[in-house]
Amino acid sequence: MTDLRAFRTTILLAVALGCGSKDTDTASDTVDGDADTDTDSDADTDSDTDADSDADTDSDTDADTDADTDLAHSGHTGTTTTASNCVNPQPIADSRGQWSGLVRCADGAVNRATQRSCDPAPPPWSACSQTFGSCSVDADCTAGPNGRCLDVYFGCGCVYSCATDTDCGANEVCLCGGAMPTVTDSWSHCVPANCATDADCASGECGVAVQTDGIGCPNYALVGCRTPTDLCREDGDCVGADQFCTIRPVVFDWRCRTVPPLACGRPLLVDEVPVHAVTTARGDWSTPLGETTEDPELAERWLRIAEMEHASVASFARATLELMALGAPPDLLVETQRAAVDEVEHARLAWGLARRYGAPECGPGPLPLDGAAPRRDRDAIVRGLVWEACVGETVAAAELREGARLAADPALAATLRRIADDEERHAALGWRTLAWLLRDATTQELAAVERELEAAVGELLAGPPETLHRPEHGFVGGVARDRLRARVVERVVRAGWRAIAKT
Ligand SMILES: [Fe+2]
Ligand SMILES: [Fe+2]
């Protein structure tokens with residue numbers, strides 16, 4: 001069982017230690033497909049990609065390059081396909097005005113019909129000019145083809161562009177720059193995939209999903225087979241402006257997701273989608289926190305965090321009922337109830353911070369609870385705990401601790417420290433609860449939970465970049481946030497799991 005003090009020490013160490021190695025444990029389904037590659041020189045290239053990343057390429061001079069003909073070729077052979085649900089597919093051009101290999105269906109869904117060669121030009125960013133980061137010169141970037149050391153959001157970082165899928169890893173494809181209108185990155189880069197083209201999928205559709213933070217900031221794309229059990233095809237299938245239809249890394253299923261804000265409490269997930277009340281004008285939910293300093297960006301962020309903290313109250317209330325249904329010991333019930341009370345105060349503090357940064361005095365509207373009844377299925381409860389607590393709250397606690405350390409204003413730092421103290425306790429509670437739930441688990445059951453944990457970790461690490469980087473106000477973004485997450489995953493999340501699984 002995870003000891004609370006040991007856990008908190010571990011999480012502090014993970015935050016304090018230097019940058020760890022980049023996590024590369026992204027096990028996923030194998031891409032094993034045949035891709036027709038039409039080059040710009042009017043040559044068709046047939047590439048066979050197998051799990052070992054071996055690629056045989058042979059070219060002939062088939063003089064057809066127009067999109068319609070290529071679309072006809074995208075039917076492929078060798079894989080059993082059913083009638084595609086993509087009606088009237090239209091080719092999508094890349095940044096050069098040439099067909100990217102992607103098509104847009106009549107319902108807005110985007111699929112990768114075939115592979116086309118992409119422009120391997122690097123992104124239009126400056127060469128490395130900063131004194132910190134993961135590289136200094138291009139020669140430092142040797143992890144893949146076309147490596148460049150550029151000024152990224154925070155320091156210098158290696159950027160790898162691609163021309164074809166053979167420039168990418170075994171479970172990746174090359175997405176042509178400019179092909180997805182919502183992708184602000186204009187350069188061709190490798191993205192995770194479990195299919196290369198439509199021919200690889202039994203549904204006849206190899207879909208492309210783009211994750212966006214909702215304010216037009218850089219996105220992250222995934223490519224995966226559509227299946228009959230998908231819950232959405234495109235963003236229009238999802239409810240709410242902050243929801244989008246995307247693919248979960250590792251498991252590659254299609255779900256509506258909401259971008260979680262930084263440092264929220266335990267989310268209230270309904271069918272794996274976080275739900276929360278909408279902020280409304282009222283005067284009884286914001287803790288006064290000193291003189292107002294107008295800052296719309298920070299005010300907006302704290303409003304979103306407040307909504308998530310408020311939803312955490314319900315998340316812990318539901319968890320209490322679920323634990324009671326499973327016969328939990330009294331100490332877990334006491335701590336779960338106490339955590340719900342903590343989250344009330346976190347919500348009040350967050351609305352107070354929003355007000356401090358210039359938002360009007362406000363609080364929560366009604367919380368939608370449709371579908372939020374206590375789960376009765378033990379496996380569903382374990383899955384929820386893994387996503388909400390063992391990964392979500394654990395990492396959020398570390399980000400809060402780092403924000404508290406960096407905040408310039410002592411009063412703000414004290415407020416963040418207080419929330420971080422609670423969140424670390426909540427995360428430790430999550431791990432203790434998981435240990436209790438799995439006390440008699442079989443090897444197979446433990447393996448299933450580990451897969452779920454890795455799915456949650458994969459989504460966390462592959463999520464959209466955090467563009468809000470204002471450490472003096474307690475927000476850590478960009479590469480610094482990504483590195484922090486990678487450290488916490490390796491040194492706390494995976495270490496916590498090994499302690500439970502005794503591996
Ligand atoms: Fe919280
Ligand atoms: Fe919490």
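## Terms and overview

Two residues are in contact if their C-beta atoms, placed from the backbone, lie within 7 Å. The model described here is predicted.

The chain contains 8 helices and 19 strands. Of its 503 residues, 47% count as buried. Among contacts in the chain with a separation of 6 or more, 68% are accounted for by residues 24 or more positions apart.

## Helix 7

Helix 7 covers residues 443-461, which makes 19 residues. From its first C-alpha to its last, helix 7 reaches 26 Å, close to the 27 Å expected at 1.5 Å a residue.

Several residues of helix 7 are buried, including Val449, Glu452, Leu453 and Glu454. The buried residues also include Ala455, Ala456, Val457, Gly458, Glu459 and Leu460. Which helices are included in what covers the buried residues of helix 7? Helix 5 (378-406) and helix 8 (478-501) are included in that cover.

## Two residues with positive phi

Most residues other than glycine have a negative phi. Asn88 has a phi near 50 degrees, a positive value in a residue other than glycine. Asn88 is placed in the loop between helix 2 (67-73) and strand 4 (90-93). Because 9 other C-beta atoms lie within 10 Å, Asn88 is exposed.

Asn146 also has a positive value, with phi near 60 degrees. The loop between strand 7 (115-116) and strand 8 (147-151) holds Asn146. Is Asn146 buried or partly exposed? Asn146 counts as partly exposed, because it has 18 C-beta neighbours inside 10 Å, whereas a buried residue has 20 or more.

Terms used:
Residues are numbered from 1 along each chain as its sequence is written. Chains are lettered from A and ligands numbered from 1 in the order in which they are written. This is a predicted model: local features need pLDDT of at least 70, side-chain atom pairs count only at pLDDT 80 or more; totals for chains, interfaces and linings use all residues. Helices (H or I, at least four residues) and strands (E, at least two) are DSSP runs, numbered from the N terminus. The expected span of a helix is 1.5 Å times one less than its number of residues. A residue is buried if 20 or more other C-beta atoms lie within 10 Å of its own, exposed if 12 or fewer, and partly exposed in between; C-beta atoms are placed from the backbone.
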